[in-house]
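Visitor: Hi, I'm new to this one. Could you put it up and walk me through it?

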Amino acid sequence: MEFTEITLGDRTVPVVTNGYYDRYRMNPDLDEIQRDPAVGDLAFFRRMPKRMTDSALGPMWTPNFYYRASSAQLLFAVSLSRLRAHLPASLEPVRILPGVGLIALALYRYEICDNDPYNEVGVAVVVHDPRRHRARTLGFLDSLRRRVGYAHVLALPVNTEIARVRGVDGYNLPKWRTDIDVSIDGQVYARVAGTEGRTDIEVGAKLPAIRKPRSRVSATKLIHTLGGRWHETTTQTNALAIGAQFLPTHVRLLHGTGPLTDLLTELGVGRPLRMEVTTEAQLALHLPRPLAL
């Protein structure tokens with residue numbers, strides 16, 4: 001595979017020669033993209049025209065389109081006291097029981113997207129909408145009804161340099177680059193490399209029953225700081241094939257040596273409460289927006 005160097009902010013980053021980023025620089029012609037046989041219907045993206053917007057990396061087209069992706073998310077119940085050691089005081093974790101909050105471990109495989117294919121693994125605290133200072137429970141239930149979730153990311157390793165630079169410099173997210181394998185096909189599998197090439201974490205699971213809903217668009221809003229101010233970053237997901245299971249029994253999470261293992265151990269992560277797998281999805285990632293807290 002050949003690479004071409006491009007400039008992002010004040011950094012020089014390698015991208016795949018003649019890949020989507022090299023050809024389109026985040027502003028593709030959707031009619032041309034539609035000719036790619038691996039890309040499905042693009043109606044989801046045609047509803048949100050891109051616009052040039054100022055960002056921490058300079059002027060940039062937004063949103064970032066992910067034309068073909070898959071993901072798996074595991075939810076774990078953890079002690080609030082352990083959560084608060086990693087959560088800014090301004091944010092309030094969702095409580096499912098007295099003294100118990102939620103951690104999400106998510107695996108992503110982005111097969112076709114504006115900044116070329118890459119894999120990503122995230123660990124995040126599920127939090128309340130920070131603008132709702134009262135009626136937290138009602139606010140959380142309303143968020144579920146609207147398919148909107150709020151989270152604060154604790155770790156987000158990726159396996160390409162452009163994804164790392166965009167995430168760190170453009171969003172101020174806790175990203176680092178390492179080898180990551182993600183497969184969501186006949187089963188769920190992921191391996192993240194840790195220190196000295198050893199395994200950090202490894203995840204394996206059986207697929208739940210997968211269905212194809214007519215329409216299932218949801219949004220995840222990451223709450224984080226950028227330039228010393230609070231921001232909200234929204235990802236819209238159009239799930240085309242999805243399945244879920246409560247108290248999944250065929251999940252293995254192996255710890256090794258590395259930052260994810262250390263973090264999950266500190267949080268006291270045990271058996272997952274819920275698994276959600278999306279075998280086919282489209283996503284739109286927007287640039288961060290200032291948030292008054």
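Visitor: Is strand 10 mostly covered or mostly open?
Guide: Mostly covered: strand 10, residues 187-193, has five of its seven residues buried. Buried means under 20% relative accessible area, with exposed over 50% and partly exposed in between, using a 1.4 Å probe and protein chains only. Strands are DSSP runs of E with at least two residues, numbered from the N terminus.

Visitor: And what kind of model is this?
Guide: This is a predicted model, where local features need pLDDT of at least 70 and side-chain atom pairs count only at pLDDT 80 or more, while totals for chains, interfaces and linings use all residues. Residues are numbered from 1 along each chain as its sequence is written, and side-chain values use heavy atoms, leaving out hydrogens and water.

Visitor: Okay, which way do strand 9 and strand 10 pair?
Guide: Strand 9 (residues 180-184) pairs with strand 10 in the antiparallel sense, over five bridges. Pairing needs at least two bridges found by DSSP between the two strands. The two form a hairpin with two residues between them.

Visitor: How many bridges link strand 10 and strand 11?
Guide: Seven, again antiparallel. Their hairpin has five residues between the strands, and Glu-196 there takes a positive phi near 55 degrees.

Visitor: Which residues are bridge partners of Val-192?
Guide: Ile-201 in strand 11 is one partner, and Ile-180 is another.

Visitor: Where's Ile-180, and is it buried or exposed?
Guide: Ile-180 is found in strand 9. Ile-180 counts as buried because its relative accessible area is 4%.

Visitor: What does Ile-180 touch?
Guide: Leaving out residues up to four places away in sequence, Ile-180 touches Asn-119, Glu-120, Val-121, Pro-157, Val-158, Asn-159, Arg-191 and Val-192. Contact here means heavy atoms within 4.5 Å.

Visitor: How far is Ile-180 from Asp-41?
Guide: They're 28 Å apart in space, C-alpha to C-alpha, and 139 residues apart in sequence.

Visitor: New topic: how many residues are in the largest nonpolar core?
Guide: It has 39, and Ile-103, Leu-105, Leu-107, Val-121, Val-123, Ile-201 and Leu-267 have the most contacts inside it. A nonpolar core is a set of buried Ala, Val, Leu, Ile, Met, Phe, Trp, Tyr and Cys residues joined through side-chain atoms within 4.5 Å. A second, separate core of 20 residues includes Ala-124, Val-153, Ala-163 and Leu-173.

Visitor: How many cavities of 30 Å³ or more are there?
Guide: One. The largest cavity has a volume of about 40 Å³. On a 1 Å grid over the protein atoms alone, a cavity is a set of points where a 1.4 Å probe fits but cannot get out; a pocket is an open set with protein on both sides within 12 Å along at least five of seven lines, and lining residues have an atom within 4 Å of a point. Points are joined across faces, edges and corners, and the volume is the space filled by probe spheres set on them.

Visitor: What lines the largest cavity?
Guide: Ala-72, Gln-73, Leu-74, Leu-105, Leu-107, Val-188, Val-203, Ala-205 and Met-275 do. Strand 5 gives the most, with three residues.

Visitor: And what's the volume of the second largest pocket?
Guide: About 260 Å³. Its lining has 16 residues, with Arg-51, His-286, Leu-287, Pro-288 and Arg-289 nearest the centre. Strand 13 supplies the largest share of that lining, three residues.

Definitions and conventions:
Helices (H or I, at least four residues) and strands (E, at least two) are DSSP runs, numbered from the N terminus.
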